[in-house]
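Biologist: Hi! Could you walk me through this structure in plain words?

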Amino acid sequence: PYDPYWYRQSAYWPVDLDGIDRTLDESKTFRLRFWTIGNPLGQLEAMKRYFREPAPGEILGCTAGTTDVGVDPQGNFLLCFNLAPIGNLRASTPEELFHSAAAGVRRTWIVNCPRRCNLLNCVYPQEG
């Protein structure tokens with residue numbers, strides 16, 4: 001089930017926040033020098049803020065299901081990682097699923113979604 005405060009009980013949540021900051025700063029420097037890191041600089045900076053204050057708040061604008069999709073290891077096609085799949089790639093093509101009636105219903109739900117997810121990876125906006 002959806003829990004916006006999942007990190008409070010997670011054994012994997014980082015405790016060395018200064019180490020997180022150093023790693024992300026080094027990643028920014030590396031990206032500027034070699035361009036082999038795909039994350040925009042603003043996203044790396046947003047990650048630093050996220051690890052210090054992960055509670056829902058900073059909403060970047062959810063574009064789930066319109067500019068991105070997900071596929072899990074079983075081939076399930078997801079318009080949002082927090083919602084059930086709308087089909088499976090073993091039975092349909094990505095195009096069929098993306099343009100299906102089920103996708104339309106799911107996108108309507110996403111547009112009106114009450115959740116306040118911190119979407120730093122799956123739908124971070126492109127920078128100029």
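Modeller: Happy to! One term first: a residue counts as buried when its relative accessible area is under 20%, as exposed when it is over 50%, and as partly exposed in between. Also keep in mind that this is a predicted model.

Biologist: Got it. So is Asp21 buried or exposed?

Modeller: Asp21 has a relative accessibility of 16%, so it counts as buried.

Biologist: And which residue does Asp21 form a salt bridge with?

Modeller: With Arg52, and the closest N and O atoms of the two are 2.6 Å apart. Asp21 sits in helix 1 and Arg52 in helix 2, so this pair ties together parts that lie 31 residues apart in sequence. Arg52 itself is partly exposed, because its relative accessibility is 41%.

Biologist: Nice. How do helix 1 and helix 2 pack, then?

Modeller: Helix 1 covers residues 17-34 and helix 2 covers residues 41-52. The angle between them is about 180°, and their axes are 10 Å apart.

Biologist: What does that angle tell me about their directions?

Modeller: An angle over 145 degrees counts as roughly antiparallel, and helix 1 and helix 2 are therefore roughly antiparallel to each other.

Biologist: Which residues in helix 1 meet helix 2?

Modeller: Among them are Leu17, Ile20, Asp21, Leu24 and Lys28 in helix 1, and the residues they face in helix 2 include Leu41, Leu44, Glu45, Met47 and Phe51.

Biologist: What about Glu45, how accessible is it?

Modeller: Glu45 counts as partly exposed, because its relative accessibility is 27%. Glu45 also forms a salt bridge with Lys48, with 3.3 Å between the closest N and O atoms. Those two are three residues apart in helix 2, so about one helical turn separates them. Lys48 is buried, as its relative accessible area is 14%.

Biologist: Which residues end up in one network?

Modeller: Asp25, Lys28, Glu45 and Lys48 do, joined by salt bridges that share partners.

Biologist: Let's stay with helix 2. How far does it reach?

Modeller: Helix 2 has twelve residues and spans 18 Å from its first C-alpha to its last, close to the 16 Å expected at 1.5 Å a residue.

Biologist: Which residues of helix 2 are buried?

Modeller: They are Gln43, Leu44, Ala46, Met47, Lys48 and Tyr50. Helix 1 is included in what covers them.

Biologist: New topic! Where is Ile86 found?

Modeller: Ile86 is in the loop between strand 2 (76-78) and strand 3 (87-88). At 14% relative accessibility, Ile86 counts as buried.

Biologist: What does Ile86 touch?

Modeller: Leaving out residues up to four places away in sequence, Ile86 touches Phe77, Leu79, Leu97, Ser100, Ala102, Ala103 and Arg106. Take Ser100: it is 14 residues from Ile86 along the chain, and their C-alpha atoms are separated by 8.7 Å.

Key: Residues numbered from 1 in each chain as written. Predicted model: local features only at pLDDT ≥ 70, side-chain atom pairs only at ≥ 80, totals over all residues. Heavy atoms only, no water. Axes fitted to C-alpha atoms, helices over the stretch in contact; angles between N-to-C directions. Helix = DSSP H or I, 4+ residues; strand = E, 2+ residues; numbered from the N terminus. Parallel < 35°, antiparallel > 145°, perpendicular 65-115°, else oblique. Contact = heavy atoms within 4.5 Å. Salt bridge = Lys/Arg side-chain N within 4 Å of Asp/Glu carboxyl O. Buried < 20%, exposed > 50% of the residue type's maximum accessible area, 1.4 Å probe, protein only. Expected span 1.5 Å × (residues − 1).
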